[in-house]
Amino acid sequence: MSGSFATNRRFYDDKHFPRGFSRSGVFTIKEAQVLESFGHAFKELDEQLRQPNDVVEQHFVAVCRGEQNPESLEEKAWLKFKQRTGRRRFHALVGSPKVIAGSDDDVSNDDDDIALED
């Protein structure tokens, strides 16, 4: 992996991990070290701000795109980081009330008209 993920800046995410990656309880010590050391390179590759330099970085980009399964510690740590900092999915049920036949203004208030899921 020599030369892969080359960067000279430490990576921090004070918004989501204000006490650091290692104190968050989310990452192992090795994952936290990898994120701090190579996080800027991971982010630039993931956001296509930089081109992959070697086969390792090409595989990393393929993992970020969902084309390959994560194999290395770096790939797994970055996917875990993205999962923890990404937006949560929001699901909502949208519907309109039933109109009773023969009346334009009447609205049915039956509880079984709209199914709610947990």
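This is a predicted model: local features need pLDDT of at least 70, side-chain atom pairs count only at pLDDT 80 or more; totals for chains, interfaces and linings use all residues.

Me: Is Arg84 buried, exposed or partly exposed?
Reply: Buried means under 20% relative accessible area and exposed means over 50%, with partly exposed in between. Arg84 has a relative accessible area of 48%, so Arg84 counts as partly exposed.

Me: Leaving aside neighbours within four places in sequence, which residues is Arg84 in contact with?
Reply: Contact here means heavy atoms within 4.5 Å. With the sequence neighbours set aside, the contacts of Arg84 are Phe17 and Val26.

Me: Where is the kink in helix α1 centred?
Reply: Helix α1 covers residues 29-46.

Me: Which helices do the buried residues of α1 pack against?
Reply: The buried set in α1 includes Val34, Leu35, Gly39, Phe42 and Leu45. Two helices take up the packing, one at 55-64 and one at 73-85. In order, those are α2 and α3.

Me: How are α1 and α3 oriented, parallel or perpendicular?
Reply: Their axes come within 9 Å and cross at roughly 80 degrees. Angles from 65 to 115 degrees count as roughly perpendicular. That makes α1 and α3 roughly perpendicular.

Me: How many residues of the contact of α1 with α3 are charged?
Reply: On the α1 side, Lys30, Glu31, Lys43 and Asp46 are among those taking part. From α3 come residues including Glu74, Lys80 and Lys82. Beside seven nonpolar and one polar, the charged residues number seven.

Me: And what about α1 with α2: how many charged residues are there?
Reply: Phe42, Leu45 and Asp46 in α1 meet Glu57, Phe60, Val61 and Cys64 in α2. Five of the residues in this contact are nonpolar and none is polar. The charged ones number two.

Me: Is the crossing of α1 and α2 left-handed or right-handed?
Reply: The two axes come within 9 Å, crossing at roughly 65 degrees. As for its hand, the crossing of α1 and α2 is right-handed.

Conventions
Residues are numbered from 1 along each chain as its sequence is written. Side-chain values use heavy atoms; hydrogens and water are left out. The bend at a residue is the angle between axes fitted to the seven residues ending there and the seven starting there. Helices (H or I, at least four residues) and strands (E, at least two) are DSSP runs, numbered from the N terminus. Buried means under 20% relative accessible area, exposed over 50%, partly exposed in between (1.4 Å probe, protein chains only). Axes are lines fitted to C-alpha atoms, for helices over the stretch in contact, and angles run from 0 to 180 degrees between N-to-C directions. Angles under 35 degrees count as roughly parallel, over 145 as roughly antiparallel, 65 to 115 as roughly perpendicular and the rest as oblique. Ala, Val, Leu, Ile, Met, Phe, Trp, Tyr, Cys and Pro count as nonpolar, Asp, Glu, Lys and Arg as charged, and the others, Gly among them, as polar. A crossing is left-handed if the near helix is turned anticlockwise from the far one by less than a right angle, and right-handed if clockwise.
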